[in-house]
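Please consider the chain shown below with its sequence at hand. This briefing treats its domains, its strands and one of its helices in turn.

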Amino acid sequence: MPVPALSEVIAALETLWPPQRAEQWDAVGTVCGDPAAPVTRVLFAVDPVQEVVDEAVTLGADLIVAHHPLYLRGTTTVSAGTFKGRVVHTLIKNDIALHVAHTNADSADPGVSDALAGALGLRVTGPLVPDPTDPSGRRGLGRVCELDPPLTLAEFADRAARHLPATAQGIRVAGDPGRTLRTVAVCGGSGDSLFDQVRAAGVDAYVTADLRHHPASEAQQHSPLALVDAAHWATEWPWTEQAAAQLDEISDRHGWGLRTHVSRLVTDPWTGRFGREAAPEAPTGA
Ligand SMILES: [Zn+2]
């Protein structure tokens with residue numbers, strides 16, 4: 001079997017997630033790696049953090065494909081005295097390349113929100129924010145989906161808790177738990193900038209991460225939109241399985257024999273949750 005060079009694997013990944021489709025502010029592409037180096041094993045992960053790089057070393061991976069950028073802005077140092085510099089040192093010392101597909105993977109077809117919708121058993125009907133440059137109308141940010149058969153908010157949130165990887169946050173919901181959901185918008189990662197589009201889509205619920213008080217409160221005041229908020233990492237993790245399967249398919253087509261792995265390390269920064277649960281029906285002070 002022909003062992004591909006890093007440059008060949010990267011070229012294949014860039015057909016899935018063309019770097020020019022990333023947002024302007026984003027930093028996607030190859031962070032480190034020798035284009036001529038052979039690649040036999042690839043690890044997919046959401047976050048290019050030290051624990052994931054250590055996992056790649058243990059696995060003997062030659063390439064990490066991460067969703068989040070290591071450096072979003074410029075840097076003047078990769079000293080191992082900084083935590084990102086230590087990541088770079090570990091990667092280079094162990095001949096491991098790092099490639100990032102971030103907003104170009106969000107808007108891809110299939111993209112991050114397709115993987116999230118799939119994990120939640122939703123049927124995608126189209127993008128929430130269509131990419132105007134896509135004549136097929138399939139690419140874009142977020143997805144609008146149908147829930148068939150319909151579930152109550154409580155049942156759907158329970159499904160999300162069981163089908164997404166477990167995190168300290170779990171699943172937060174806003175809205176009447178008995179409300180029936182038939183249409184759901186999803187956006188993997190931080191989605192509170194898309195409330196206008198969610199309202200315009202006229203869906204019963206919105207699944208995303210990192211919802212802040214004011215946008216969530218205002219969305220509730222506007223319309224009886226149910227909100228389902230999972231940990232940022234958990235909403236994007238399904239993409240790593242989808243992406244690994246996409247590279248497997250490419251590898252089979254080329255006879256590369258690549259071994260792909262998906263990191264199951266929980267790299268969500270939130271690691272605990274304390275406090276009493278407030279009973280929503282109980283009057284305060286009771
Ligand atoms: Zn993210």
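Helices (H or I, at least four residues) and strands (E, at least two) are DSSP runs, numbered from the N terminus. With that naming in place, H3 is followed by Asp95, whose phi is positive, near 55 degrees. The model described here is a predicted one. The chain is divided into domain 1 (6-105 + 236-262) and domain 2 (107-230).

**The two domains and their contact**

- Between the C-alpha centres of domain 1 and domain 2 there is a distance of 27 Å.
- Domain 1 gives 12 residues to the contact, and domain 2 gives 12 residues.
- On the side of domain 1 that touches domain 2, the elements giving two or more residues are helix H4 (103-106) and helix H9 (232-254).
- The largest share of that side of domain 1, six residues, is supplied by H9.
- By residue type, the side of domain 1 that touches domain 2 consists of six nonpolar, three polar and three charged residues.

**The open sheet of five strands**

- Five strands, in the order E1-E4-E3-E2-E11, make up an open sheet with mixed pairing.
- Strand E1 (29-32) and strand E11 (259-262) stand at the edges of this sheet; each has a single partner strand, so one side of each is left without a neighbour in the sheet.
- On average, neighbouring strands of this sheet are turned by 25 degrees against each other, direction ignored.
- Within the sheet, strand E3 (residues 63-66) and strand E4 (residues 97-100) run parallel and are joined by four bridges.
- At this pairing, Leu63 stands opposite Ala97 in E4.
- Helix H2 (residues 50-59) lies across strand E2 (41-45), E3 and E11, and its direction makes an angle of about 160 degrees with E2.

**Antiparallel strand pairs around E6**

- Strand E5 (residues 123-130) and strand E6 (residues 140-152) run antiparallel, and six bridges join them.
- Pro127 has Arg143 in E6 as its bridge partner.
- E6 is also joined by six bridges to strand E8 (residues 180-190), and these two strands run antiparallel.
- Leu151 stands opposite Leu181 in E8.

**Helix H3 and its two faces**

- Which residues of helix H3 (residues 83-93) are buried? Val87, Val88 and Leu91 are buried in this helix.
- Seen down the axis of H3, these buried residues fall within an arc of 95 degrees, so they line one face of the helix.
- The cover over the buried residues of H3 includes E1, H2 and E4.
- Phe83 and Lys93 are exposed, and they are carried by the face of H3 turned away from its buried side.

**Lys84, a residue of H3**

- Lys84 lies in helix H3.
- Why is Lys84 classed as partly exposed? Lys84 has 18 other C-beta atoms within 10 Å, whereas a residue is buried if 20 or more lie within that distance and exposed if 12 or fewer do, so a residue in between is partly exposed.
- Not counting residues up to four places away in sequence, Lys84 touches Leu70 and Tyr71.
- Lys84 and Gln50 are 34 residues apart in sequence, and in space they are 8.1 Å apart, C-alpha to C-alpha.

Conventions: Residues are numbered from 1 along each chain as its sequence is written. This is a predicted model: local features need pLDDT of at least 70, side-chain atom pairs count only at pLDDT 80 or more; totals for chains, interfaces and linings use all residues. Two strands pair if DSSP finds at least two bridges between them. Axes are lines fitted to C-alpha atoms, for helices over the stretch in contact, and angles run from 0 to 180 degrees between N-to-C directions. Two residues are in contact if their C-beta atoms, placed from the backbone, lie within 7 Å. Domain bounds come from an automatic or database domain assignment. Ala, Val, Leu, Ile, Met, Phe, Trp, Tyr, Cys and Pro count as nonpolar, Asp, Glu, Lys and Arg as charged, and the others, Gly among them, as polar. The arc is that of the directions from the helix axis to the C-beta atoms.
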